[in-house]
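I opened the notebook to look up ring contacts.

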Amino acid sequence: MKGDMYIARSSDKEILEKAEYGGAVTSLLKFALESGRVDAVLAIKARDGNRYDGVPVLITEPEEVIETAGALHCASPNISRFLKEYLDGASDLKVAVTVKPCDAKAIIELTKRIQINLDNLLLIGLNCTGTLSPTKAKTMIKTEFEADPADVVAEDIEDNKLTIRLKDGTEKEKDLTELEERGYGRRENCRRCETNIPIMADIACGKWGTTDKNKTFIEVCSEKGSDFIKEAIEAGKIKVEQPSSDAIETVRKKDEAAIELARQWQEKDFASLTEMSGDERFNYWSTQFSRCIKCYGCRDACPICYCKDCVLEADRGFVPPGEVPPDTMFPMVRITHVMDSCVNCGQCQDVCPMELPLSRLIFMLNRELAGIFKYEPGMDVSELPPLRTVTDQELSLSSVEVAL
Ligand code: SF4
Ligand code: SF4
Ligand code: SF4
């Protein structure tokens, strides 16, 4: 049932050899296909074995699932957008999909907007404390770890340390905060992320609470997830044991520590903006937006921007066409359309060719709105976003000071 927890390990010898943490996730994905529960598996694979080029793959043959085994920290493909754009949320294709917390949250928000049919998905959540930009990671490995990026076979983030494992078996470890203060480490949005365990998925899988690197801690988060895990156990695909109370306590403490670190980063990242006067903030953001080349990358990457007929297109007459930088309505409209539901996935900032700190601004505004409306994006599929449900009377009563 929902709330059950297991320490799990694959029963498949080949998966055990290739996968990490006992291969439970890979075995579960394979079982989802074999059992006919889903038509396809959507997961991330290193393209041509290059771990800095993780791409989403849609797999329909169970024996190919093993190609997605192993964690790729230098990959953060836009899974929710992929589902929406390429798998047509209204279709009947049933898909098991691996999701980090931000992917799961974006899927929940798109479900509320009737862009994804959650009934067709089996969300296999992966606990996450951060992903790295592939380009920056390669530079960091060369300069900070003094290693060849091509020699890295695994990365790990644990207890505020970043560890890389090289193909000769040696490991190198660095303090994560020190790396991040020097501009390396996790993507900026990941530093601020408070959701490490994707409890909005059907199951959440992670390494916290396990005593060695050969097992996975699984938390059951829905009745769908519960049925699935029970079937996988009965079919002998994974071997499970009950976690001890110490293991459960370890998960809780590690989650709390990661949340605390994220809040410290939020304070640091937002302080420079919130401490400005209104005029200074306006000038800061005007200068930032004056660099915008109106490529639409941020809009096209954002999982919350879902309109098929976007008011920012030239033919809608909202933003004058042919102007670079675009009229201030361009960033303003995008920000106001997404700020109540921003899931801090960082996709907008990742794709911006002008390197505008977009997710920093939008997530900061989202935190302000979350405080006012008590709405946490992506956590509960039954709760609608506040700017969709707010009444005219509430609008006139509430004064939302937008930090622009
Ligand atoms: S935003 Fe959070 S869930 Fe998403 S990749 Fe970063 S740390 Fe992981
Ligand atoms: S605004 Fe940026 S960070 Fe927020 S949901 Fe959209 S793409 Fe993700
Ligand atoms: S991605 Fe950057 S440059 Fe492109 S439209 Fe968005 S803010 Fe402007």
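My entries on aromatic rings follow.

**Entry 1: pairs.** I am working with a predicted model. I asked how many aromatic pairs the structure holds. The count came back as six.

**Entry 2: Tyr284 and Trp285.** I looked up the pair of tyrosine 284 and tryptophan 285. The centres are 4.9 Å apart, with 80 degrees between the planes. I logged this pair as edge-to-face, because the angle is over 60 degrees. Next I checked burial. Tryptophan 285 is buried, at a relative accessible area of 2%. Tyrosine 284 has 23%, so I noted this residue as partly exposed. I also traced the ring pairs onward: they join Tyr284, Trp285 and Phe289 in a cluster.

**Entry 3: Tyr296 and Phe330.** I found both tyrosine 296 and phenylalanine 330 buried.

**Entry 4: charges at Trp265.** Which residues sit over the ring of tryptophan 265? I found arginine 191 over the face, at 3.9 Å from the ring centre. I also found lysine 268, whose charged end sits over the ring of tryptophan 265, 4.2 Å from the centre.

Conventions
Residues numbered from 1 in each chain as written. Chains lettered and ligands numbered in written order. Predicted model: local features only at pLDDT ≥ 70, side-chain atom pairs only at ≥ 80, totals over all residues. Heavy atoms only, no water. Phe/Tyr/Trp six-rings, centres within 6.5 Å; stacked < 30°, edge-to-face > 60°. Buried < 20%, exposed > 50% of the residue type's maximum accessible area, 1.4 Å probe, protein only. Lys NZ or Arg CZ within 6 Å of the ring centre and 35° of its normal.
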